[in-house]
Amino acid sequence: MSPGVIRANLVVSLKSFYREKSAVFFTIAFPIILILVFGTIFMNQDNVSFDLHVQDLDQTPSSAQLLKTLELDGRFKIAQVDPALNAARYAKDNKLNLVLVIPEGYQKALVQRLGLIGGVPSTAFRNSNASVTVTYIYDASSSSVSPKMQTLQSALGAVNQGMSGEPPFIRSADTPVLARKFRFIEFFVPGIIAMSVMTSSLSGAVSMNAELRQKGVIRKLSTTPITHGDWVLSNILYQVILAVISAAAILLVSYAVFDVSLRIDAWLPTFIVLEVFAFAGIGMILTRVAKEAESAMAAANAIMYPMMFLSGSFFPLEMMPGFLQKIARILPLYYGNEGLRAAMVLADNMTALRCSAIIGVFAAVVFVVGIMTTKWEEGK
Amino acid sequence: MPKDTESAIDVEHLTKRYDEVLAVDDISFTVRMGELFAFVGPNGAGKTTTVEIIDTIRTPTSGTVRLLGMDVTKRKRDILPRIGVLPQGFTSFDRITVTETIQYYSRLFSRRHPDVEGLIELVNLQDKSKEQFQNLSGGLKQRLGIAVALVNDPEVVFLDEPTTGLDPRARREMWKVLLGLKKKGKTVFLTTHYMEEAELLADTVAIISKGQIIAMGSPEELIQANAKYLVLTLKSADEHALVTVRTMGFDPVQDDHRNITVNVAHPSDVRKILNTLTEAEASFLTLDVRKPSLDAVFLELTGEALRQGSAETMPE
């Protein structure tokens, strides 16, 4: 091993990197954009507020009180619909997925139900059969209408329960599994770090082995004293540097914009290095199978993109069908995601250790196979 | 040890086979220290395979190759620091400048204080020293490739088709560089499919065809041995001149510019033709008598033209 040769390679690689704007974009800007976009989308996930359009056909103090109650619930922003309009047409014209219609006679039915005499409830005049039917005019094709309707049902249920005057029989108590409550963005950031390490390492290895070989640079290098080991080692170091830069940029933006709370310790560089070896190894094997640079890059993309979505980088595995979850568990990126989340979010060292062991063994195997199958000298 | 202590390269019964294709067929030759040796032949003749075996990129199927007295298959690590190689179609890192490229390759050879400026001047790239590789023309890239091949001050320089694809001006620039190497006392192993290039630059020329060396020697020796005639050219000649020469029993050829070319066996034939033309009052502007080129030698030896195209002239 020659430190001077490795240093020279690193200098050339880093200069080539910062002079190629697309490489800088995909290594640094792209993951940051993902963080900003997804982070913004899910920023208020824990404090969801729905816009609710309500047509109050009753126009009485009681119906107004119901609207106020729903608003005070905190989960709805109420917008009133003119009673003179056709609610269904209004919903269609304004592309609304839900309009709640309070019927005429709401106050009258309420008075009967509570037995109100001069505004005071009286059990003697109470009519338990008196009721009112509100109407949901909704767009069944909208993916977000279902949680909105469930939330509304829950709010109206609470109103019904309050009117009964009886305490609820079944109560619920919340006991979170985690010591403290985490936001979606804090689960998302480790996934994006794992994903960006994968993309830069895999595409970097393909570029190193296929493009430079196809162009003839490797042929020239084979007539100099640089060894295959020096070349691979310097490129791995280069990939690690890029991965660290990318992870640092992601973390900086996450802290600055979303004020995330993540644990940064030795597990982060450990997973970065293991992932670099694993995906650089896959890249080397790919360039052996697909010798042309274009086909090798296409093969790399064919591996990277499904893995991004199947490994839980962007959303929890529980959202996927069972067979896809089984597939996810054989993907190396899954263990990168899970390991980094265990280390950075959950402070779960045992899970991090298990994931690092799995990805470490995988990295060792593919990297050794990659080295063995990648030609340096023309030989034949 | 090499057969001859003055020899830089000794090739004995070298054969290279790719599956069913015999690329190099039992060739042997020696390159002396300090000479410019041209390996000439058409595309696919086995030139690049041969040079890549000698400069350690490929391994032979059989035969032995000794470079600076060392077996190329066994002592690659000892050989590489002492040779410089310009592979065919040299390329480098796209976004690295001329200066940075030379510095990079110098460091691969552990040269702490390389004469980067001197190398840039040698290949006349002073104006392009800060240009990135991707922005260089083909000729400039090749010249940078030669500078890179010289970063370790090698004893033997291998240049695999350094002028292929270059325009005439770039080729002439490259020839100046090659002559500069020769003056510096480097042993140069040049492959080319331009016969005139070999004829103008080389001390020794080996002509390879279909994997075999079919002739070897100095350009003069090859021409003397294989093309024993003179080429008489009558420029801007009229039709009457063409008919007159033909009736004398020669086989003249007239081109689109009305130039008549005729091969004659002896200088006295030139005098005889001129006298007859004068008597016949045939018209031509000027005349030119030359020895045949190596192209003609190749044609003589193989029965086929090496390539199409006209010869360039020697740089000043």
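**Salt bridges and a helix in a predicted model**

The structure, a predicted model, holds 19 salt bridges over all chains.

Visitor: How many residues apart in sequence are the parts tied together by B:Glu155 and B:Arg82?

Guide: The side chains of B:Glu155 and B:Arg82 meet in a salt bridge, 2.7 Å from N to O. B:Glu155 lies in the loop between H5 and strand E7 of chain B, and B:Arg82 in the loop between helix H2 and strand E6 of chain B, so the pair ties together parts whose separation is 73 residues.

Visitor: Is B:Lys186 buried or exposed?

Guide: B:Lys186 forms a salt bridge with B:Asp153, with the closest N and O atoms 2.4 Å apart. A residue counts as buried under 20% relative accessible area. The relative accessible area of B:Lys186 is 9%, so B:Lys186 is buried.

Visitor: How many of the residues of helix H3 of chain B are buried?

Guide: Helix H3 of chain B spans residues 98–108 and is mostly covered. The buried residues of H3(B) pack against elements of chain A, including H1 and H9, and against helices H4 and H5 of chain B. Of the 11 residues in the helix, the number buried is 9.

Visitor: Which residue of chain B is linked with A:Lys15 and A:Arg19 in a network of salt bridges?

Guide: Side chains of opposite charge can pair when their charged atoms come close. A:Lys15 and A:Arg19 belong to a network of salt bridges that holds one residue of chain B, B:Glu100.

Key. Residues are numbered from 1 along each chain as its sequence is written. Chains are lettered from A and ligands numbered from 1 in the order in which they are written. This is a predicted model: local features need pLDDT of at least 70, side-chain atom pairs count only at pLDDT 80 or more; totals for chains, interfaces and linings use all residues. Side-chain values use heavy atoms; hydrogens and water are left out. Buried means under 20% relative accessible area, exposed over 50%, partly exposed in between (1.4 Å probe, protein chains only). Helices (H or I, at least four residues) and strands (E, at least two) are DSSP runs, numbered from the N terminus. Contact means heavy atoms within 4.5 Å. A salt bridge is a side-chain nitrogen of Lys or Arg within 4 Å of a carboxyl oxygen of Asp or Glu.
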